[in-house]
Amino acid sequence: MKLKNVLIVVKDIEKSRKFYHDLFGLDVVLDNDGNMILTEGLVLQDEKIWRKFLRQDVIPQNNSCELYFEEKDIEGFVEKLENQYPSIQYVSRLMTHDWGQKVVRFYDPDGNLIEVGTPMT
């Protein structure tokens, strides 16, 4: 068995596609009317479809999982984030862990938690 994708729920699929392209360079692999697969295996699903499947409300900023990206030039990434998305909501601004890794945590426009860190290798 193999993990194929990670799906996140979004209110505005086009706005989210742009966000993940602008910041992470992810491109559309397949656009299937409310389900969009991006490179690296990230799937965006329209909130209306997700609620119909689950018959429950979506809880943004639930902090139960995060998307993790690595970036060597993390200062440059943070500058790009702040320039392109100045109203981004941070969980933790750029910091350095005791073990030397620099990380920043923030929410995407739909409240999905994202961490960007410097590579550990």
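Two strands count as paired if DSSP finds at least two bridges between them. With that in hand, take E5 and E8 in this predicted model: they pair in the parallel sense over five bridges. Here's a quick tour of the sheet, a helix beside it and the core.

**The sheet**
- Four strands make up an open sheet, in the order E5-E8-E7-E6, with mixed pairing.
- E5 and strand E6 (89-96) are at the edges with a single partner strand each, so one side of each has no neighbour in the sheet.
- On average, neighbouring strands here are turned by 15 degrees against each other, ignoring direction.

- H1 lies across E5, E7 and E8, and it runs at about 10 degrees to E8.
- H3 packs on the sheet too, touching E6, E7 and E8, with its direction at about 20 degrees to that of E7.

**A closer look at H1**
- Asp-12 caps the N-terminal end of H1, with a side-chain oxygen 3.2 Å from the backbone nitrogen of Glu-14.
- Just past H1, Gly-25 has a positive phi of about 70 degrees.
- The buried residues of H1 include Phe-19, Tyr-20 and Phe-24.

**The core**
- The largest nonpolar core holds 25 residues, and Tyr-20, Phe-24 and Phe-106 have the most contacts inside it.
- H1 is the top contributor to this core, giving five residues.
- Setting aside neighbours within four places in sequence, Phe-24 is in contact with Phe-19, Phe-69, Phe-77, Phe-106, Ile-114 and Val-116.
- In soluble globular proteins, nonpolar side chains tend to be buried together.

Note on methods. Residues numbered from 1 in each chain as written. Predicted model: local features only at pLDDT ≥ 70, side-chain atom pairs only at ≥ 80, totals over all residues. Heavy atoms only, no water. Core = buried A, V, L, I, M, F, W, Y, C linked by side-chain atoms within 4.5 Å. Buried < 20%, exposed > 50% of the residue type's maximum accessible area, 1.4 Å probe, protein only. Helix = DSSP H or I, 4+ residues; strand = E, 2+ residues; numbered from the N terminus. Contact = heavy atoms within 4.5 Å. Polar contact = N/O pair within 3.5 Å; in protein donor to acceptor, adjacent residues only side chain to side chain. Axes fitted to C-alpha atoms, helices over the stretch in contact; angles between N-to-C directions.
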